[in-house]
Amino acid sequence: MNQEPSGPDSIKFGKTYANHMLVAHYEKGQWGEAEIIPFQNLSLSPATSFIHYGQAIFEGIKAYRNKDGNPVIFRPRDNWKRMNQSAMRMDMPEIPETIFMDGMKLLIDFDRSWIPSYESTSLYIRPFMIATDEFIGVRPSEKYTFCIITSPAGPYYAKPMSIYVQDKYVRAFPGGTGNIKAAGNYGMSMYPSHMVKNMGYDEILWTDGFEHKYVQEIGTMNVFFVIGDKVVTPDLNRGTILAGITRDSVITLLKEKGMEVQERRISIDEIEDTYKNGQLKEAFGTGTAASITSICKLTYRREEMTLPDPEQFETVNWLKQELSDIRHGRKEDTHGWIYRV
């Protein structure tokens with residue numbers, strides 16, 4: 001049996017796993033019944049097709065305790081829909097709602113004691129699907145395995161981030177897989193991410209593959225800029241950026257607050273100009289793992305854009321509190337975002 005964390009300082013993202021997992025298998029054109037089993041290793045042939053050809057997708061979701069101590073999950077149905085969009089693009093079978101949603105609910109209920117109650121903590125939920133044919137020919141698999149594992153999670157980024165704007169390597173082109181959660185999207189980012197971390201930065205802000213001019217997203221996050229009295233984030237129209245669920249939540253909350261949100265192309269040159277004229281007030285990333293994380297510095301080539309005191313970012317701090325209050329039931333959920341276990 002895995003050991004539950006003893007306190008907030010012992011909770012490290014992705015290091016410890018709860019006692020159970022959900023597993024379902026797809027074969028002969030249909031899904032079998034999902035099972036909840038003890039957390040364990042998977043037994044796979046060296047010829048298993050996803051190992052060789054990357055037919056693998058995943059999602060990231062979080063469960064919290066509400067103010068009464070009961071478990072709730074944040075927007076899991078949106079993750080189910082997005083995972084099936086990923087499955088379609090990767091020529092994998094769609095996952096039935098009964099397996100994804102009902103199975104997840106049962107799994108979280110089974111391991112509800114693993115949901116931490118400390119501030120800024122959660123139970124991270126990782127659904128994933130892999131192609132499992134024992135065949136090394138290049139074709140879509142005929143067999144698949146879907147799993148859900150869970151892990152107590154603290155903050156993914158413990159402090160504001162220093163970001164390097166990438167103008168050599170490319171994350172996504174139109175027509176590719178940049179708008180889905182395919183494992184290969186993250187695998188190809190490892191080398192350039194490792195390089196910039198050796199240079200002293202925390203993450204990459206990717207730019208478009210044609211001109212290296214228009215910003216796309218940060219390694220594990222969508223990106224936002226507060227410019228004057230407006231909030232600007234790259235649009236999703238070219239299919240190169242993941243439609244983040246935290247991103248969508250943030251846009252909704254900002255608009256309800258009466259702030260102008262612009263979803264559009266934004267160039268690194270425009271960001272530099274707004275920084276130089278004092279209009280760039282805040283920058284931050286959003287994502288399930290990262291939640292909302294301030295950016296303290298952007299570096300583009302030799303130009304450093306250092307933002308003053310990210311801990312005092314007004315928009316970021318308001319969003320963090322607003323989302324936390326909704327997730328933990330301290331504020332009414334008027335959007336249907338909270339899924340009760």
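Which element gives the largest share of the lining of the largest pocket? In this predicted model, residues are numbered from 1 along each chain as its sequence is written, and side-chain values use heavy atoms, with hydrogens and water left out. Local features need pLDDT of at least 70 and side-chain atom pairs count only at pLDDT 80 or more, whereas totals for chains, interfaces and linings use all residues.

The largest share of that lining, four residues, comes from helix 5, where helices (H or I, at least four residues) and strands (E, at least two) are DSSP runs numbered from the N terminus. Grid points are joined across faces, edges and corners, and a volume is the space filled by probe spheres set on the points.

The largest pocket has a volume of about 750 Å³. Its lining is made up of 36 residues, of which Tyr156, Tyr186, Glu203, Gly219 and Thr220 are the closest to the centre. Two or more lining residues are given by each of strand 7 (122-131), helix 4 (183-187), helix 5 (190-198), helix 6 and strand 15 (280-287). By class, this lining holds 15 nonpolar, 13 polar and eight charged residues, with Ala, Val, Leu, Ile, Met, Phe, Trp, Tyr, Cys and Pro counted as nonpolar, Asp, Glu, Lys and Arg as charged, and the others, Gly among them, as polar.

For the second largest pocket, the volume is about 580 Å³, and of its 28 lining residues the closest to the centre are Ser120, Pro155, Ser291, Ile292 and Lys320. Strand 5 (61-65), strand 16 (291-300) and helix 8 (314-327) each supply at least two residues of this lining, and helix 8 gives the most, with five residues. The lining of the second largest pocket divides into 11 nonpolar, 11 polar and six charged residues.

The largest cavity, with a volume of about 80 Å³, is lined by Gly60, Ile61, Lys62, Tyr64, Phe74, Asn79, Ile245, Thr246, Thr288 and Arg327. Strand 5 gives the most to this lining, with three residues, and the lining as a whole divides into four nonpolar, four polar and two charged residues. The second largest cavity contains about 40 Å³ of space and is lined by Arg171, Asn185, Tyr186, Ser189, Trp206 and Gly219.

The packing of the interior was examined next. In soluble globular proteins, nonpolar side chains tend to be buried together. A nonpolar core is taken here as a set of buried Ala, Val, Leu, Ile, Met, Phe, Trp, Tyr and Cys residues joined through side-chain atoms within 4.5 Å, where buried means under 20% relative accessible area, exposed over 50%, and partly exposed in between (1.4 Å probe, protein chains only). Of the 44 residues in the largest nonpolar core, those touching the most other members are Leu205, Phe225, Val250, Ile271, Phe284, Ile295 and Leu298. Strand 12 (residues 222-227) provides the largest share of this core, five residues. A second, separate core of 33 residues includes Ile61, Ala63, Ile95 and Ile148.

Thr299, which lies in strand 16, counts as buried because its relative accessibility is 2%, and among its contacts are Ile163, Tyr164 and Val165. Ile241 is found in the loop between strand 13 (230-233) and helix 6 (245-256), yet Ile241 is buried, with a relative accessible area of 5%. The residues touched by Ile241 include Arg171, Gly178, Asn179, Gln216 and Glu217.

Zero disulfides are found in the whole structure, a disulfide being a pair of cysteine sulfur atoms within 2.5 Å. Cys147 is buried, with a relative accessible area of 0%, whereas Cys296 counts as partly exposed at 22% relative accessibility.

Conventions:
Contact means heavy atoms within 4.5 Å. On a 1 Å grid over the protein atoms alone, a cavity is a set of points where a 1.4 Å probe fits but cannot get out, and a pocket is an open set with protein on both sides within 12 Å along at least five of seven lines; lining residues have an atom within 4 Å of a point. Lists of a residue's contacts leave out its neighbours within four places in sequence.
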